[in-house]
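Please open the structure in a viewer and keep the selection tool at hand.

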Amino acid sequence: MQPSKITYANSQYPDALREIAAAPKQLYVLGDLKAGPLVAVVGSRRPTDYGKQVTHQLATDLARAGVGIVSGLALGIDTIAHQAAVEAGGYTIAVQGNGLDKVYPHSNRGLGIKILESGGAIISEYDPGMPALKQNFPARNRIISGLSLAVIVTEADASSGSLITANFAVQQNRQVLAVPGNITSQRSAGPNNLLKLGAIPVTSASDVLAALDLESRALKARPAIAQSAEEAKLLELMDTGTTQSQQLIEGADMTASQFAYVISLMEITGKVRNLGAGIWVRR
């Protein structure tokens with residue numbers, strides 16, 4: 001698929017980007033740029049289990065509420081945010097720091113295809129053939145924030161590139177929101193510092209909608225309905241924040257083999273999602 005080129009003078013150029021300083025002169029676009037509210041979800045490339053869980057939940061609920069998710073297709077938080085939006089049937093835009101002849105990182109090529117198949121978009125200001133140079137990514141971050149009504153930092157260390165995106169958001173008169181984290185965790189230093197500086201605290205998608213004065217439409221997905229007492233117990237544990245396999249096994253008083261059987265059925269029937277490393281969350 002060949003990207004389309006949209007110049008600043010083109011009527012399809014996003015209005016939100018016209019407002020920012022150093023707006024890109026052109027955008028290369030794969031997929032569809034759609035109208036509607038957008039928020040950026042960014043953070044660490046090496047999130048903790050907590051970061052994975054809260055990012056997935058926020059992106060899922062925002063997507064179901066009709067809010068598009070913007071991120072950078074990087075490993076970690078970006079990947080989780082895009083995946084959650086796609087799985088929720090929502091809209092997502094991935095902003096790349098390289099030419100669109102390749103997806104970067106290459107390991108996210110499959111995710112890039114899913115984004116396009118779901119009606120989302122992958123965009124870049126760089127000509128095809130431009131490699132993913134280190135200096136491209138800070139510049140890329142101004143587009144992530146510029147497209148969005150707000151930037152949400154879910155988990156990041158004190159020197160994370162995600163904070164560059166938050167700084168651009170301030171300069172562009174966008175809202176900055178942050179998820180509070182464990183004060184002893186290096187990965188929570190970034191959002192916790194942002195909160196000290198006046199960022200809006202976020203503990204749910206409702207906080208985001210309220211901060212942006214957006215009215216949520218009815219969520220597309222109905223709550224998962226347990227088909228057995230074992231499934232009901234596991235869903236109950238997940239709702240209270242228990243997500244590790246061993247904790248779920250102990251909390252539900254199951255054997256490892258019983259748990260493996262039940263959780264596999266729940267994953268197949270779309271009730272839960274495996275975030276990797278033995279972490280399970282309700283869809």
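The model is a predicted one.

**First stop: helix α4**

Select residues 109-117, which make up helix α4. Within this helix, colour Leu111, Gly112 and Ile115, its buried residues. Which arrangement do these buried residues show when seen down the axis of α4? They fall within an arc of 105°, so they line one face of the helix.

Next, display the elements against which the buried residues of α4 pack: α3 (77-87), β5 (92-95) and β6 (121-124). Then turn to the face of α4 directed away from its buried side, where the exposed residues Lys114 and Glu117 are found. To leave the helix, select Gly119, which follows α4 and has a positive phi, near 95°.

Select residues 272-276 for strand β10 and residues 279-282 for strand β11. The two strands pair in the antiparallel sense over four bridges.

Finally, select Tyr261, Leu265 and Ile268 and show the surface. These residues form a nonpolar patch there, with about 350 Å² of accessible area together. Centre the view on Leu265, which is placed in helix α11 (residues 256-268). Leu265 counts as partly exposed because its relative accessibility is 34%, a value between the limits of 20% for buried and 50% for exposed.

Methods
Residues are numbered from 1 along each chain as its sequence is written. This is a predicted model: local features need pLDDT of at least 70, side-chain atom pairs count only at pLDDT 80 or more; totals for chains, interfaces and linings use all residues. Side-chain values use heavy atoms; hydrogens and water are left out. Patches are made of residues with over 30% relative accessible area and no salt bridge: like charges are joined within 9 Å, nonpolar side chains (Val, Leu, Ile, Met, Phe, Trp, Tyr) within 5 Å. Accessible areas come from the Shrake-Rupley method with a 1.4 Å probe; for residues, only the protein chains shown count as cover. A salt bridge is a side-chain nitrogen of Lys or Arg within 4 Å of a carboxyl oxygen of Asp or Glu. Buried means under 20% relative accessible area, exposed over 50%, partly exposed in between (1.4 Å probe, protein chains only). The arc is that of the directions from the helix axis to the C-beta atoms. Contact means heavy atoms within 4.5 Å. Two strands pair if DSSP finds at least two bridges between them.
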